[in-house]
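Hello,

Here is the structure for your files. Please open it alongside these notes.

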Amino acid sequence: RQARLARALVLSVFAFCVLEAGAAQVQGEQNAFNGHVMQAPRSQYPSLKALKIWNAEFVEEVGEYENPGEVLTVNGVTFLTVRYQFADQRLESIQLVYEGRANREKLLQWLEGQYGKVTLQERKMANQVEWQGHAMTITLSYNFTYKRGALWFVSPEQKHRLHDSIATLRD
């Protein structure tokens, strides 16, 4: 039993390392999407309206926002929802939800043109691809069961602060 657990742990760590190593790199020092700059102050986006606000241990305020009536289309894909998350009044992430496998392919094509080609390992991962950069990480995912996907633009620095706060709350 212990041998099976140890083998499962080794395989999990190996799979994680392979996936992390396989992520494409964001070309250049890009740190924005659609005029929204990662870590920009909330005050730069006065049209955003709060949906939910909470706090965490190392982050005084976390807020999820939307721009009422916003219709955003990228490469022919119109998003169902667009959400902006701020940590301590700094833009932490943008989440865009889309519908349909064909739209995933359109978004993948656009993302590769903007941020760089994905690796062969990422191409084999049918449900998620990722671009990593110093100032921004981009993740495109798709759920075959629900036929919906998400496109995330994330500030790695803000994400780590927020994750650390949430992790300490669970202890």
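For residues 167-171, where pLDDT stays under 50, how many contacts beyond four places in sequence does the model have? It has four for that stretch. Contact here means heavy atoms within 4.5 Å. pLDDT is the predictor's confidence in each residue, from 0 to 100.

Some ground rules. This is a predicted model, so local features need pLDDT of at least 70 and side-chain atom pairs count only at pLDDT 80 or more, while totals for chains, interfaces and linings use all residues. Residues are numbered from 1 along each chain as its sequence is written, and side-chain values use heavy atoms, with hydrogens and water left out.

Confidence overall: the protein has a mean pLDDT of 81, and 74% of its residues reach 70 or more. Residues 2-21 have pLDDT below 50. Beyond near neighbours in sequence, that stretch has three contacts in the model.

Next, the core. A nonpolar core is a set of buried Ala, Val, Leu, Ile, Met, Phe, Trp, Tyr and Cys residues joined through side-chain atoms within 4.5 Å. Buried means under 20% relative accessible area, exposed means over 50%, and partly exposed lies in between (1.4 Å probe, protein chains only). The largest nonpolar core holds 30 residues. F79, I94, L96, W131, L140 and F153 have the most contacts inside it. Two or more residues come from each of β8, β9 (90-99), α2, β10, β11 and β12 (148-154). Helices (H or I, at least four residues) and strands (E, at least two) are DSSP runs, numbered from the N terminus. In soluble globular proteins, nonpolar side chains tend to be buried together.

Look at F153. Leaving aside residues up to four places away in sequence, F153 touches a list that includes F33, M38, I94, L96, L111, Y115 and I138. E92, S93 and T137 are also among its contacts.

Now β10 (residues 128-132). Four of its five residues are buried, so the strand is largely enclosed by the rest of the structure. β10 pairs with β11 (residues 137-143) in the antiparallel sense, over five bridges. Pairing requires at least two DSSP bridges between the strands. The two strands form a hairpin, with four residues between them. W131 has I138 of β11 as its bridge partner.

Last, the charges. Side chains of opposite charge can pair when their charged atoms come close. The structure holds five salt bridges (a side-chain nitrogen of Lys or Arg within 4 Å of a carboxyl oxygen of Asp or Glu).

R83 and E64 form one of them, at 3.5 Å from N to O. R83 sits in β8 (residues 81-87) and E64 in β5 (residues 62-66), so this pair ties together parts 19 residues apart in sequence. R83 also forms a salt bridge with E66, with the closest N and O atoms 3.2 Å apart. That pair links β5 and β8 across 17 residues. E64 counts as buried at 18% relative accessibility. R83 is partly exposed at 22%, and E66 is partly exposed at 24%.

R101 and E105 form another salt bridge, with closest N and O atoms 3.5 Å apart. Both lie in helix α2 (residues 101-115), four residues apart, so about one helical turn separates them. R101 is partly exposed at 34%. E105 is partly exposed, also at 34%.

Best wishes
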